[in-house]
Amino acid sequence: KRNLIEEAEKVLNNNFQKEGFTIPCEGLYPFQWKWDSGFIAIGYAYFDVAKSKKEITTLLDAQWENGFIPHIVFHTDSDTYFPGPDFHKSELHPQSSREFRSTGMTQPPITGFILEEMHRIVEDKEDMLSFVKSHIDRVYKNHEYFYGQRDPRNEGLVYIYHNWESGTDNSPMWDDIWKTMNPPEYEFERRDTTHVDPSQRPSKREYDHYLHIIEIAKNHNYDDKAIAETSPFLIQDPLFNAMLIKSNESLINLYEVIGGHSNKIDQLRIWQRKSIRSFNEKLFNNELGVYVHYDLRNEKQISFVSSSSFAPLFAGIPDIDKAKVLVNTMLERFGGEDKYLCASFDPANERFNPKKYWRGPVWINLNWMLYYGLKKYGYDELAKRVKNDSVELIDKAGFYEYFDPRKNMYKNMEHGGYGGRNFSWSAALLIDLLK
Ligand code: DGY
């Protein structure tokens, strides 16, 4: 019988680099990615605590003086990825790391809740607590950065200025923003489409938009204030903000275990109250029955349902009534018998594409959050379905980056596993789901 946990451990160990971080997968993503590193640390916590800690240390070592943590850290050189360090030029920002080159954008703030997960998982709590003690202030500083620099209206909701910050890179959510822009046709060599079938990746024109927003940010030396004033992409994202809220909660819990730090705990509680209130007031869409994105540049909600719409369950943001509305929406639109949960974009919408990256496929990290979120609210049956679907997809297809939600794609030796193979977070989170 197949031992999925052993296979998953092998995937992680093979992707581990001697510099002390783990690539998401070979070729396609040859550096350290922020939210990948967090999920990867959860997997290692079960079988190699030293690597788990190392993963977080190497990420936090690249933190900027202002508390910012970048989305990619370029510890090493590689010519298999575009755009690399010479395009991003993080050195333009006066407070960027002098030691590690990186991008000038971030990714969902997972580090706080990852520390709490690591502490939950390991047996030697005392040892992990001393690791947490020596790293937690840097994560707190990162939250200070978010509330200080990314919340210009002081709402408790932080903005992202690039679709790559959302983690849900090419979601149909962004299509209407691209229509407000008209970037030049940049000349560059894509590398992603040499590793993965182009039908599973963003288009050339989408990349023009992605690069253009970076060019604007670079023109302002990655200054947050200038970006908030000029970026055509300026979004309050429910997934991103839910991760921040979840991480606030974890920092409070961990500081309480550590003892002392009452000023930080008080500040975290103030942020937390304001964030949760604004989140429910501003990001809920009654007609759709879910949380949605808010476009700060164009002053409107973006009225689409995605797996990000359900992520607030993981952070305990909805009350019981709202949670029920969310679950009903999930079941109605995403939960048909012919589908695996949970598609990344509304299968009932014409923009849904079951093969294309964040335009429809199932992602294991979102499923992992939904599993714990549904359990938190007592939806045990549905939680179990999300977990079983995740395990079944990996069992049938392998440790892919994303998966076709249509069940009939997995018949007769065929499978709907797409994107990168031997993908680290699919392996890491499978370990947690199976333990
Ligand atoms: C990519 O290159 O597609 C990455 O997801 C960006 O973070």
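**Reading helix packing and the core in a predicted model**

User: At what angle do the axes of helix α5 (residues 111–121) and α12 cross, and how close do they come?

Analyst: In this predicted model, the axes of α5 and α12 come within 7 Å and cross at roughly 50 degrees. The crossing in which α5 passes α12 is left-handed.

User: Which residues make the contact between α5 and α12?

Analyst: From α5 come Thr-111, Gly-112, Phe-113, Leu-115, Glu-116 and His-119, while α12 brings Lys-246, Ser-247, Asn-248, Ser-250, Leu-251, Asn-253 and Leu-254.

User: How is α12 oriented towards helix α13 (residues 262–282), and why?

Analyst: The axes of α12 and α13 come within 10 Å and cross at roughly 155 degrees. Angles over 145 degrees count as roughly antiparallel, which is why α12 is described as roughly antiparallel to α13. This crossing, too, is left-handed.

User: Which residues of α12 and α13 meet?

Analyst: On the α12 side they are Asn-241, Ile-245, Asn-248, Glu-249, Leu-251, Ile-252, Tyr-255 and Glu-256, and they meet Lys-264, Ile-265, Leu-268, Arg-269, Trp-271, Gln-272, Ser-275, Ile-276 and Phe-279 of α13. The residues of this contact divide into nine nonpolar, four polar and four charged.

User: How many residues does the largest nonpolar core have, and which have the most contacts inside it?

Analyst: In soluble globular proteins, nonpolar side chains tend to be buried together. Here the largest nonpolar core has 127 residues, and those with the most contacts inside it are Cys-342, Leu-370, Ala-427 and Ala-428. Helix α12 (residues 238–258) gives the most to this core, contributing ten residues.

User: With which residues is Leu-370 in contact, leaving aside its neighbours within four places in sequence?

Analyst: Once those sequence neighbours are set aside, Leu-370 is in contact with Phe-310, Leu-313, Cys-342 and Val-386. Cys-342 is itself listed among the residues with the most contacts inside the core.

Terms used
Residues are numbered from 1 along each chain as its sequence is written. This is a predicted model: local features need pLDDT of at least 70, side-chain atom pairs count only at pLDDT 80 or more; totals for chains, interfaces and linings use all residues. A nonpolar core is a set of buried Ala, Val, Leu, Ile, Met, Phe, Trp, Tyr and Cys residues joined through C-beta atoms within 7 Å. A residue is buried if 20 or more other C-beta atoms lie within 10 Å of its own, exposed if 12 or fewer, and partly exposed in between; C-beta atoms are placed from the backbone. Helices (H or I, at least four residues) and strands (E, at least two) are DSSP runs, numbered from the N terminus. Two residues are in contact if their C-beta atoms, placed from the backbone, lie within 7 Å. Axes are lines fitted to C-alpha atoms, for helices over the stretch in contact, and angles run from 0 to 180 degrees between N-to-C directions. A crossing is left-handed if the near helix is turned anticlockwise from the far one by less than a right angle, and right-handed if clockwise. Angles under 35 degrees count as roughly parallel, over 145 as roughly antiparallel, 65 to 115 as roughly perpendicular and the rest as oblique. Ala, Val, Leu, Ile, Met, Phe, Trp, Tyr, Cys and Pro count as nonpolar, Asp, Glu, Lys and Arg as charged, and the others, Gly among them, as polar.
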